[in-house]
Amino acid sequence: GDPRVPLNEYAENLSALVVLSESIGAKVAFVALAKKSELNGEIDSRAQAYREIMIQTAEIAHAPIIDAETHWRASGVSVDELFLDFLHPSPKGHQIIGEALHEAISASDLNEH
């Protein structure tokens, strides 16, 4: 079916979040997720399009972006252990994302006050 949020609205929403964050002195980081099927080798062009918008927004905002798929693959944890269902990460999947986010924040200026 159709996505809940059309691609153009998604792009506008991400940009608005960056502007809002900047207006209150906050910094942003992005986490690009993937579906279980993608880790099993399927190509999801719609998901790729949404991630590309996020990557472009992160670049424009000079913000770090964490590619969950890359970190999940590098973890050596099985795909079935990384997901609760077809989409939502398991506690282990979230732990890997959290560790990657911590590394990205530590390596960036996000933790500076």
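Predicted model: local features only at pLDDT ≥ 70, side-chain atom pairs only at ≥ 80, totals over all residues.

Biologist: OK, which residues of helix 4 are buried?

Modeller: In helix 4, which runs over residues 68-75, the buried ones are Ala68, Glu69 and Trp72. Looking down the helix axis, they fall within an arc of 95°, so they line one face of the helix.

Biologist: And what covers the buried residues there?

Modeller: The cover includes strand 1 (30-32), helix 2 (36-39), strand 2 (65-67), helix 5 (79-82) and helix 6 (91-107).

Biologist: What happens just after helix 4?

Modeller: Gly76 sits there, with a positive phi of about 80°.

Biologist: Switching topic: how many aromatic pairs does the structure hold?

Modeller: Two. In one of them, the ring centres of Trp72 and Phe83 are 5.1 Å apart and the planes are at 70°; edge-to-face needs over 60, so this pair qualifies.

Biologist: Where in the chain are those two?

Modeller: Trp72 is in helix 4 and Phe83 is in the loop between helix 5 and helix 6. They are 11 residues apart, and the pair links distant parts of the chain.

Biologist: Is Phe83 buried or exposed?

Modeller: Phe83 is buried, at 5% relative accessibility. Trp72 is buried too, at 0%.

Biologist: Where does Leu17 lie?

Modeller: Leu17 is in helix 1, which covers residues 7-23.

Conventions. Residues numbered from 1 in each chain as written. Heavy atoms only, no water. Helix = DSSP H or I, 4+ residues; strand = E, 2+ residues; numbered from the N terminus. Buried < 20%, exposed > 50% of the residue type's maximum accessible area, 1.4 Å probe, protein only. Arc of directions from axis to C-beta. Contact = heavy atoms within 4.5 Å. Phe/Tyr/Trp six-rings, centres within 6.5 Å; stacked < 30°, edge-to-face > 60°.
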